[in-house]
Amino acid sequence: MSAALRFALQALFWGGWAGAYFALPEYLPLLAQIAIIALFVLSLDLLVGYAGFVTLGHAAFFGLGAYAAGILAQQGWGEPISGLLFGAAVAALVGLLTAPLVLRGGDLTGLMVTLGIAMMLFEAANRMAWLTGGADGLQGVEMWEIFGVWRFDLFGRTAFVYSLTVLFLLYLLARLIVSSPFGLALRGIKGNRRRMEALGTPVRARLVAVYTLSAAYAGIAGALLAQTTQFVSLDVLDFHRSADALLMLVLGGMGSLYGAMLGAIVFMVAHHALSELTPQFWQFWIGIALIALAIAGRGGMLGLAGRLLARWGGR
Amino acid sequence: MSSLSRRRLLGSAALVAAAPSLPRPAIAQAAPVRIGLILPMTGPFASTGRQIDAAVRTWLRMNGESHGGRRLEVLLRDDTGVAPDTTRRLAQELVVRERVNVLAGFGLTPLALSTAPVATEARVPMVVMAAGTSIIVQRSPFILRTSFTLPQQTMPIADWAASNGITSCATMVTDYAPGHDSEAAFKRRFTERGGQIPLELRTPLRNPDYAPFLQRVRDARVQALFVFVPSGEGANVMKQFDERGLAQAGIRLIGTGDLTDDDILNEMGDPAIGVITSHFYSAAHDSPENREYVAAFRQIAPNMRPNFMSVGGFDGMRLIAEGLRGTDGNTDGQRLVDAMRGKSWMSPRGPITIDANTRDIVQDVYIRRVERRDGQLWNIEFDRIPQVRDPGT
C-alpha cells in the first residue's frame, strides 16, 4: 500500500469520528462508549497483538481504572484529567505487581493466572460494598467540568469529544511505542522468544513493561467509562468484558492499532443495531457474523481488506 | 413476540436507520406518547424481561392504545440485565434520540440506580416495574415504582412465623443488595417478636451450591429456615432442601414469594408443597380482575404463567395511562409525575396505591402456601396484611 493511500485512509478514519459529531448528534452516548471500548481493545492489542501474550483477564485493569476514578470522584475530587491519571496509575501498579505471577510458566499457565486475578478482583469488589457499593454499583460519582468549562451533558457531547480526544492522543502514543526499538523487540518476542533471548534482549523485562503499559491503557479506558457514565458497577470487572475485547481484537485484526479500533467499532455497531432490531435474538446473529468472519478473513477485517487492496493494487 | 409489535419494532428501527439523513418531522399535538421500555430480554434475567414484556402487551390488548387523547407507543430495548452502563446509555438514547416521554422497565436494582440521574436531568418520569431495593425511589424525584420492595415483602412472613409457634429460625439469603435487605428486615421483625436467629447464611450470587449451607441449617436444629433467593433459584433450593432431608428433621421452609415464583413453580414438583411464603401476587389470586388478567396474558403468551414481575409491568402501564388522563395528554415530566402520585386502583394483585409522598407502592401482602390444584402447583393465599408500605421509607 502506498504511503499516500495509507495516510488518506487514516485521515478518513479520524475525520469520520470528528464528522460523526455533526452527522449523528443523537448517537453521541453510543459513540462515546465505542471510543472507550476501542481504547480498551487497543490496550489489549499492545499485549496480545504485539507481544503475543494472550490474556483472559484484561477486564481486571479496566475495572480497576473505573473504580479508582469513580471512587476518587465520589470522595469529592471530580477533576476528570487527574482522575484519568489516577485510574491509569492504579491499574499500572497492579499490573506491575501481578506481572511476575502472570509471566511465570508457560502461555497456558499465564492465561489461567490472568483469569484468576480478574475473578479475585471481581469478588473483592463485590465483598467490599462499603468502598465499591457492591452489587448495587458505585453511587454518587459527580464529575466537575473539564478544564472548568465543559460540563458532562445529557446529549453526551462532552463525553464524546473527551473520550475521542483521549483515544486519539493515546493512539499517537501507542504508535510511537510500537515503532520504537521497544516495540520491535516485542514483535521479535512474539515471533521467536528464544532467539530474542539469544540476541541478548531482556525478554522478561520487556514483557513486564508491556504488561504494565497495557494495564495503564486499560485503566484509562475504565476511568473514561466511569467518568462519562458517572456510575461504576461490578460489570466492569466481569469476564464477558475480557472475552468481548478479545473477540473484537480478533475481528478487527491483531497486531495493528487500526485493527483493534476497527474491531471495536464494528462489533459495537453490529451489537447495537441487531439488539435494537431483535431484542431477544440478537446474540444469534452476532454469533453467525463472527463465525463467518473467522472463516472468511484470516487476520481479521483488516487482513481481509489488505488482501483485497493488494489484489486491486496488483492489477 | 406478536407479528404486529415486531413489525412496529422493525419499522421504528428502519426509521432510526434513516433518521440521520432525514429532517425530523415537526411533532404534532396528537403525536403518540412514547414509552421507552428497558428490560433484560437476554442473559440470566431474561425471564423477568419476557414476563414484563408480555404483561405490557397484555395491558395494551385489554385497554387499547389511546389514553388521555394520546396513543401509547412502546419502544422495547434489551439491556442484558447485567450491564448498568448499557441501561443508562439506552435510557439516554431513548430520551435524546427517540424523544420518549416516559422511561419504564428496569429489571434489577443497579440498572435502575444507574439510570436515575438521566431521569432527573431529562425530567422524564421513570416507572420502575421490577427492581426491589428500598432506596431506588429516593434517587430521583421522577421515579415511581409499581413492583415491590423486599422489606415490604419480608416483614409479613416474619410476623407469621412469630405468631405460629416458631421461635428459632435460620436465615439463608443470596449475597447481594436485595438479599441483605430481606435478611435485615426479617431479623429485625422476628427478633422484635421474641424469636431467635442462631444462624445467618449468605450464599454466593454466582453458581451457588446450597447443599453445604443447608447441611449447616440441619445441624443447627432450628424450627424453620427463612430463604431469599433471586427468582429462578428457588427450584434449586427446594431440591436440595428435599435431598438433605431437612423436612424430615422437622425444619419448615419459609421465605418471600421469590422462592416459589409462579414462572417456574410448576416444575419444582412435590418438594415445594407446603412451603409458606409472603408476597404481593399469586397467579392463583382469587378476584375477577386477576382471572381476566391471567386469561388475557395466556392469549399473549400461551406457554407462560404470569408471575409477580409481570404484574409490576401491567400496573406500570396502568400508572402511565392514569398519569396521561390526569394531565389531559400533556407530557411535561413534572406534571405527569404529579398526576401519577397518589393514584389508587384495583390491580390483579388486589388494591394498590402509589404513595403521594414517597412515589413507592403501597399494597396488600399475602401469606400463601404451595398446594396442588388440578394437577398444578399454585401459591394459595390464606392470609392478608392490608396496605403494607415499605418500612424503610
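Domain bounds here come from an automatic or database domain assignment. Keep in mind that this is a predicted model.

**Exercise 1.** Work out which stretches make up the domains of chain B, and how the domains meet.

*Solution.* Start with the bounds: domain 1 of chain B covers 3–148 + 286–359, and domain 2 covers 151–279 + 366–388. Next, take the centres over C-alpha atoms; they sit 30 Å apart. Now look at the contact, to which domain 1 of chain B gives 11 residues and domain 2 of chain B gives 12. Finally, sort the domain 1 side by class: you get three nonpolar, seven polar and one charged residues.

**Exercise 2.** Describe the side of chain B that touches chain A.

*Solution.* Count the partners, calling two residues in contact if their C-beta atoms, placed from the backbone, lie within 7 Å. That puts 32 residues of chain B against 26 residues of chain A. Then ask which elements of chain B give two or more residues: they are α1 (3–18), β3 (70–78), α3 (84–96) and α4 (109–122). Of these, α4(B) gives the most, with eight residues. By class, this side of chain B has 19 nonpolar, five polar and eight charged residues.

Conventions
Residues numbered from 1 in each chain as written. Chains lettered and ligands numbered in written order. Predicted model: local features only at pLDDT ≥ 70, side-chain atom pairs only at ≥ 80, totals over all residues. Helix = DSSP H or I, 4+ residues; strand = E, 2+ residues; numbered from the N terminus. Nonpolar A, V, L, I, M, F, W, Y, C, P; charged D, E, K, R; others polar.
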